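Subject: Handing over the structure

Hi,

Here is the structure I promised to pass on to you. Please have a look at it first, and then read my notes below.

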Amino acid sequence: MNTQVILKSRPEGQPEAEHFDFKQVPVTELADGLVRCKTRYLSLDPYMRSQISGRHISQAINPGDVLQGETISDVIASNHQDFKVGDVVRGFGGWQQFADLPASALVKVAHPHQSYALSVLGMPGLTAYAGLMWQAQPKPGDVVVVPAAIGGVGATVGQLAKANGCTVIGIAGSDEKCQIAVDKLGYHHCINRKTEDVAAQLDKLCPNGIDIYFDLVGGDMLHTASHRLAIGARVILCGLIAEYNQTERSFGPEPAYWIKARATVHGLVVYDFEPRRQEFIDACMPLIESGQLHMLEDISEGIDAAPEAFAKLMRGENVGKTLVKVS
Ligand code: NAP
């Protein structure tokens, strides 16, 4: 039998485990051309919150549907010549123990850090790399500000900016997270968004303004950072996690802030950079091997843990990239 997680009802506000349900379905004969994947790691990501609201650009998840998501899996049976039993593959297996997937939708994971294929060497890493290196184009000495500083995308942005000679300031949701940002990820400073006055701290830490603001949260933080940009600043609009649990979107910052700074503002959608994924992996592998780039992982055990792990992510309580170790 295959355990699947389905959406029970659309949450209003914060999703909780009660919005999800479990279903047991029999594993049937493997069809021609398909590869049977046994999920090892399931990635949980904020975009899923928009999918279960029915408003994400990729697809909507409706009540009764199996939740979708990227996975690292072991091939346990194959009806395609390109894959054999024992291969480790990345694909979209979803929130379930087993998935029969077409060979064209699978990529072999060649490097030894298998879970990294869902984090620093996967979609969050590509997001960070594309936004920072290809859009913002950091220069040594730039002041880079990163909210959600120790999460999947933020941790990679922070470490890449540091490796490129920037002064890196994180913003995170607890003293523990700020300590991790400085001690383990090499941020020069980290501001606790819940207990400190973020605007006053940015004024103190960035007296000449912010050169790159990598926005992962939207809301008030985007307004506060946009008010403090240096001339020629780059703003990467990447995510709105402060707003995903709301039904209404908030208004953005005043364009006057961006005009005054002669800022370049980039919207970022990671799917656009998929053709450049190998270029990004080739650039990051040496940094991983030299220890300049690594990922904190917040791993829950077992498919049964997926709903609560997702609720924890959407409460902002994850410490690092959210993963479920399914088998
Ligand atoms: P993550 O950072 O691992 O986890 C989310 C973090 O957001 C939380 O741990 C929390 O950290 C922070 N946060 C800030 N304000 C929050 C609030 N009001 N409620 C809950 N959490 C809040 O997640 P991620 O996967 O790396 O994604 C980060 C952002 O990038 C998300 O907005 C996501 O949608 C976006 N994204 C965009 C693309 C794209 O193509 N545009 C691709 C990937 C991800 P603190 O408590 O430490 O602040």
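How many bridges join strand E9 to strand E10, and do the two run parallel or antiparallel? There are four bridges between E9 and E10 (residues 189-192), and the two strands run parallel. Before I go further, please keep in mind that this is a predicted model.

**The strands around E9**

Together with helix H3 (residues 152-163), E8 and E9 make a right-handed β-α-β unit.

As for E9 itself (residues 167-172), five of its six residues are buried, so the strand is largely enclosed by the rest of the structure.

**The chain as a whole**

Zooming out, the chain has nine helices and 15 strands. Its radius of gyration is 20 Å, close to the 20 Å that the globule rule gives for 327 residues, so the chain is as compact as a globular protein of that length. Taken along the principal axes, the box filled by the C-alpha atoms is roughly 65 × 45 × 35 Å. Of the 327 residues, 55% are buried.

Gly232 belongs to strand E12 (residues 229-237) and is partly exposed, with a relative accessible area of 34%.

**Salt bridges**

The count comes to 15 salt bridges.

- Asp74 and Arg40 form a salt bridge in which the closest N and O atoms are 2.5 Å apart. This pair links distant parts of the chain, with Asp74 in strand E4 (residues 71-78) and Arg40 in strand E3 (residues 34-43), 34 residues apart. Asp74 is classed as buried because its relative accessible area is 17%, under the 20% cut-off. Arg40, at 21%, counts as partly exposed.
- Asp142 and Lys139 form another salt bridge, with 3.9 Å between the closest N and O atoms. Asp142 is buried, at a relative accessible area of 5%, whereas Lys139 is partly exposed at 46%.
- Glu274 and Arg277 meet through their side chains, at 2.6 Å from N to O. Glu274 is partly exposed, with a relative accessible area of 36%, while Arg277 is buried at 8%.

Beyond such pairs, one network is made by salt bridges that share partners: Glu16, Glu308, Arg315 and Glu317 are joined in it.

**Backbone angles to look at**

Which residues other than glycine might you want to check for a positive phi? Gln137 is one of them, with a phi of about 50°. Gln137 is located in the loop between helix H2 (123-136) and E8. Ala148 is another, with a phi near 45°. The loop that holds Ala148 runs between E8 and H3, and Ala148 is partly exposed at 35% relative accessibility. As background, most residues other than glycine have a negative phi.

Finally, which residues make the nonpolar surface patch of about 290 Å²? The patch is made by Ile57, Val269 and Tyr271. Tyr271 sits in the loop between strand E13 (264-267) and helix H8 (277-289). With 42% relative accessibility, Tyr271 counts as partly exposed.

That is what I have for now. Happy browsing, and do write back with any questions.

Best wishes

Note on methods: Residues numbered from 1 in each chain as written. Predicted model: local features only at pLDDT ≥ 70, side-chain atom pairs only at ≥ 80, totals over all residues. Heavy atoms only, no water. Patch = residues over 30% accessible without salt bridge, like charges linked within 9 Å, V, L, I, M, F, W, Y side chains within 5 Å. Areas by Shrake-Rupley, 256 points an atom, 1.4 Å probe, with all protein chains shown as cover. Salt bridge = Lys/Arg side-chain N within 4 Å of Asp/Glu carboxyl O. Buried < 20%, exposed > 50% of the residue type's maximum accessible area, 1.4 Å probe, protein only. Right-handed = clockwise from strand over helix to strand, strands pointing away. Pairing = 2+ DSSP bridges. Rg over C-alpha atoms; globule rule 2.2 N^0.38 Å.
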